[in-house]
Amino acid sequence: MTKIFLFLLNYLPIGCITLSAQQKSLVDYVNTLQGTNSKHELTRGNTYPTIALPFGMHTWTPQTGKNGDGWKYQYVKKTIRGFQQAHQCSSWTADYCVYSLMPVTGRLIVSEEQRATAFSHDNEIAKPHYYKVKLDNGIVTEIAPTERGAHLRFSFPKGGSSFLVLDGYTGTSEIKISPDEMKITGYVSNNKNNKRNLIKSYFEIFFDKPFKSYGIWENRNNTIQNNQLEGQGEGVGGYLEFKSGEKVQAKVASSYISQEQAAVTLNAELGKFKNLDDTRAAAAKLWNEHLGRIQVEGGTEEQKATFYSCFFRASLFSRQFYEYDKEGNPY
């Protein structure tokens with residue numbers, strides 16, 4: 001283990017405080033909201049509360065900004081309109097291969113503006129290995145990451161309807177709903193400079209609860225086709241309805257190679273995890289091992305939190321772009 005002494009001018013005083021097993025785990029020092037209090041007029045980091053593993057191919061984040069807006073999450077915003085697969089490193093750079101999932105209760109609403117739901121940071125936990133937020137309408141969303149996917153859990157309030165909306169974002173997309181298999185497959189292709197759909201992200205989303213109803217929609221005019229199983233085109237998405245007050249888990253994985261590869265990836269990364277709590281624990285273990293490569297001596301708890309939050313952010317790039325063979329081995 002490498003030891004470093006932090007002599008960062010006025011930030012960290014010289015001292016000797018060695019991290020021990022009795023102290024909280026290193027991942028708990030990380031605050032992924034650091035740097036999110038940014039706006040066009042004055043930027044303070046341009047980050048979003050990234051849910052990911054070190055150097056992961058895909059990351060996830062809550063989305064407060066409009067589809068296509070580089071400011072995908074801003075601390076000052078009051079509503080969340082989706083939970084998004086993302087790859088962006090800064091608000092000033094374009095994202096690619098994006099789509100989002102948004103839980104909705106009450107009547108079915110697909111429009112990103114109308115489905116946006118208020119929330120409070122008091123009801124938000126933002127860590128690398130685990131994100132949780134309780135929206136003001138009572139829906140709780142939780143996310144735990146893998147390298148090429150995520151495990152999500154949506155807990156709907158008792159007595160209310162339980163919809164989940166998949167938004168195809170700004171480019172072209174294809175959706176196929178398979179009720180018998182309790183899954184959604186498809187792709188998104190929305191890189192700003194991707195003129196001939198050269199880059200596609202194929203995804204597979206497997207649910208642990210059956211669908212009560214379903215359909216296809218598109219986000220240009222927000223038209224809905226109830227009971228439709230497939231769709232393709234600009235901004236095409238889908239929706240699912242589960243039984244009232246349901247608690248739904250979704251395993252998600254994506255591939256740049258093919259639809260079949262997305263299924264291989266999902267099984268390789270999430271097949272062994274029974275529930276989100278297992279995925280969360282595995283992600284925490286990996287982050288603690290990674291952050292533990294640097295042992296900090298000196299400084300306050302607050303200063304260690306700043307250090308490990310920055311170490312986390314520096315551990316997101318460069319991204320992995322290799323995938324798995326049929327036996328589930330990385331290649």
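**Figure 1. Helices at the second largest pocket of the predicted model.** In this predicted model, helix H2 and helix H3 (276-291) each supply at least two residues of the lining of the second largest pocket. Helix H3 gives the most to that lining, with 4 residues. The volume of the second largest pocket is about 210 Å³, and among the 13 residues that line this pocket, Leu 53, Thr 146, Glu 269, Lys 272 and Phe 273 are the closest to its centre. By residue class, the lining of the second largest pocket divides into 8 nonpolar, 2 polar and 3 charged residues.

**Figure 2. The largest pocket and its lining.** The largest pocket has a volume of about 260 Å³, and 15 residues line it, with Gly 68, Gly 70, Thr 93, Ala 94 and Asp 95 lying nearest its centre. The lining of the largest pocket is made up of 4 nonpolar, 7 polar and 4 charged residues.

Figure 3. Rolling a probe the size of a water molecule over the atoms shows where empty space is left. The structure holds 2 cavities of 30 Å³ or more, and the largest cavity has a volume of about 40 Å³. Its lining consists of Asn 46, Thr 47, Tyr 48, Gly 70, Trp 71, Lys 72, Tyr 73, Gln 88, Cys 89, Ser 90 and Ser 91, which divide into 4 nonpolar, 6 polar and 1 charged residue. One of these lining residues, Asn 46, is found in the loop between strand S1 (2-5) and strand S2. Asn 46 has a phi near 60°, which is a positive value in a residue other than glycine, and with a relative accessibility of 11% Asn 46 counts as buried, because this value is under 20%.

**Figure 4. The open sheet of 7 strands.** Seen along the sheet, the strands follow the order S2-S4-S5-S10-S17-S14-S15, and their pairing is antiparallel. Strand S2 (59-63) and strand S15 (223-226) stand at the edges, and each has a single partner strand, so one side of each is left without a neighbour in the sheet. From one strand to the next, the twist averages 20°. Within this sheet, strand S4 (residues 82-86) and strand S5 (residues 99-104) pair in the antiparallel sense over 3 bridges, and the bridge partner of Gln 84 in strand S5 is Ser 100.

Figure 5. Asn 222 has its place in the loop between strand S14 (213-218) and strand S15, and its phi is near 60°, a positive value in a residue other than glycine.

Figure 6. Ser 258 is found in the loop between strand S18 (247-255) and helix H2 (259-270). The side chain of Ser 258 reaches the backbone nitrogen of Gln 261 at 3.0 Å. With a relative accessible area of 18%, Ser 258 is buried, because this value falls under 20%.

**Figure 7. The cis peptide bond at Ser 318.** The peptide bond that runs from Phe 317 to Ser 318 is cis, with omega near 5°. Ser 318 itself has its place in the segment after helix H4 (301-314).

Methods. Residues numbered from 1 in each chain as written. Predicted model: local features only at pLDDT ≥ 70, side-chain atom pairs only at ≥ 80, totals over all residues. Heavy atoms only, no water. 1 Å grid on protein atoms, 1.4 Å probe; cavity = no way out; pocket = protein on both sides within 12 Å on 5 of 7 lines; lining within 4 Å. Points joined across faces, edges and corners; volume = space filled by probe spheres on them. Nonpolar A, V, L, I, M, F, W, Y, C, P; charged D, E, K, R; others polar. Pairing = 2+ DSSP bridges. Axes fitted to C-alpha atoms, helices over the stretch in contact; angles between N-to-C directions. Buried < 20%, exposed > 50% of the residue type's maximum accessible area, 1.4 Å probe, protein only. Polar contact = N/O pair within 3.5 Å; in protein donor to acceptor, adjacent residues only side chain to side chain.
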